[in-house]
Structures are given as structure tokens and as C-alpha cells.
Amino acid sequence: MRIMGIDFGDIRIGVAVSDPLGITAQGIETITWDGGSMKKPAERIRYLAAQYGAEKIVIGYPINMNGTIGPSAEKVLRFAEILEKKTGLEVVKWVERLTSVEANRAMHELQLKTSKKKATVDKIAAALILQGYLDSVRK
């Protein structure tokens, strides 16, 4: 069963997908959007979910360090509702903290050029979110 991972952001949305056995996650795309209507990126994710045969979506849920829900988490909740309606798939909210920081650190270690970082960081963050979920369900 393939699972899709989403790192939702105000400008870019990272997308990852698991292998068919649900063991590893790999980033597949970064969707750039204007921060307006969430329907257009949701439609692209619907297409990708169908293309890869995803049966579930895991979306990063960025609650604050003190456990409260801030503006970013509220946007994720709205986008998750739209995704459920568009795709008909279960959308799991996965608490994530600092995945973008971790993704940037990984790219720094790989010595990626700055011009490539913006196009890559969200894909890597989505893969980290999804990998965390996959690891937790295998235990």
C-alpha cells in the first residue's frame, strides 16, 4: 500500500510517496502556489495520488513546541479537509517539528547549491514526515 506524504507551506508544498511495501519514502515533487485558493494544489495532489496509487495521505501537522495550535497548523487542518474531499482518501495529521530545518541541514551536508535548495527542501521535508509515519506504524 503506497502512502503519500505532504509538507504544506504558504508558497511551496512538498510531496513524497512511499515504496509499494510502505518501508521507505522518497520526495517526488514540489508544488509552487500563490498562497490563495487551496483547491489548485489539492487537485495536483489528487492527480499524483491517483498516479502513484496512494491509499492514504500523511500531512505534516506543525503544532507549536508548547503543544498549542498556531496559524500554520490551522491552515494544515483546512488543507487536510480539502484533500479528503478531493481525493476520497484518509488524511492523517502527523505531528512534525523542525522537518524543514532537518531538510536544510541534509542539503547543506550534501553541498547543494542555494538555487537548488528551494526546489528541494520541501520534497525532503515531505519525505521526512512520511518516513517518520512509516517507521512508527512498522513498530
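Colleague: Which share of the contacts in the protein with a separation of 6 or more comes from residues 24 or more positions apart?

Modeller: In this predicted model, residues 24 or more positions apart account for 64% of the contacts with a separation of 6 or more. The protein has 4 helices and 5 strands, and from the N terminus on its elements run β-β-β-α-β-α-β-α-α. Of its 139 residues, 42% count as buried.

Colleague: Why is the pair of Trp 94 and Tyr 133 called edge-to-face?

Modeller: The structure holds 3 aromatic pairs. In the pair of Trp 94 and Tyr 133, the ring centres are 5.5 Å apart and the planes stand at 90 degrees. Centres within 6.5 Å make a pair, and planes over 60 degrees apart count as edge-to-face, so the rings of Trp 94 and Tyr 133 are an edge-to-face pair.

Colleague: What makes this a pair that ties together parts 39 residues apart in sequence?

Modeller: Trp 94 lies in strand E5, residues 90-95, whereas Tyr 133 lies in helix H4, residues 114-138, so the pair ties together parts that are 39 residues apart in sequence. Another aromatic group is the cluster formed by Phe 8, Trp 33 and Phe 79.

Colleague: Why are helices H1 and H2 called oblique to each other?

Modeller: Helix H1, residues 39-52, and helix H2, residues 71-87, pack at an angle of about 50 degrees, with their axes 9 Å apart. Angles under 35 degrees would count as roughly parallel and those from 65 to 115 as roughly perpendicular, and H1 and H2 are therefore oblique to each other. Their crossing is right-handed.

Colleague: Which residues meet where H1 packs on H2, and of what kinds are they?

Modeller: From H1, the residues are Lys 39, Pro 41, Ala 42, Glu 43, Ile 45 and Arg 46, and these meet Phe 79, Ile 82, Leu 83, Lys 86 and Thr 87 of H2. The residues of this contact divide into 6 nonpolar, 1 polar and 4 charged.

Colleague: Why is Glu 96 called buried?

Modeller: Glu 96 has a relative accessible area of 11%, and because buried means under 20%, Glu 96 is buried. Glu 96 lies in the loop between E5 and helix H3. Leaving aside residues up to four places away in sequence, Glu 96 touches Asp 7, Gly 60, Tyr 61, Pro 62, Ile 63 and Ile 129.

Colleague: What makes Ile 28 partly exposed?

Modeller: Ile 28 is at 23% relative accessibility, and because this is not under the 20% that buried requires, Ile 28 counts as partly exposed. Ile 28 lies in strand E3, residues 25-32, and its C-alpha atom is separated by 5.8 Å from that of Val 15, a residue 13 places away along the chain. Among the residues that Ile 28 touches, not counting those up to four places away in sequence, are Val 15, Leu 48 and Lys 123.

Key:
Residues numbered from 1 in each chain as written. Predicted model: local features only at pLDDT ≥ 70, side-chain atom pairs only at ≥ 80, totals over all residues. Heavy atoms only, no water. Helix = DSSP H or I, 4+ residues; strand = E, 2+ residues; numbered from the N terminus. Buried < 20%, exposed > 50% of the residue type's maximum accessible area, 1.4 Å probe, protein only. Contact = heavy atoms within 4.5 Å. Phe/Tyr/Trp six-rings, centres within 6.5 Å; stacked < 30°, edge-to-face > 60°. Axes fitted to C-alpha atoms, helices over the stretch in contact; angles between N-to-C directions. Parallel < 35°, antiparallel > 145°, perpendicular 65-115°, else oblique. Left-handed = near helix turned anticlockwise from the far one by under 90°. Nonpolar A, V, L, I, M, F, W, Y, C, P; charged D, E, K, R; others polar.
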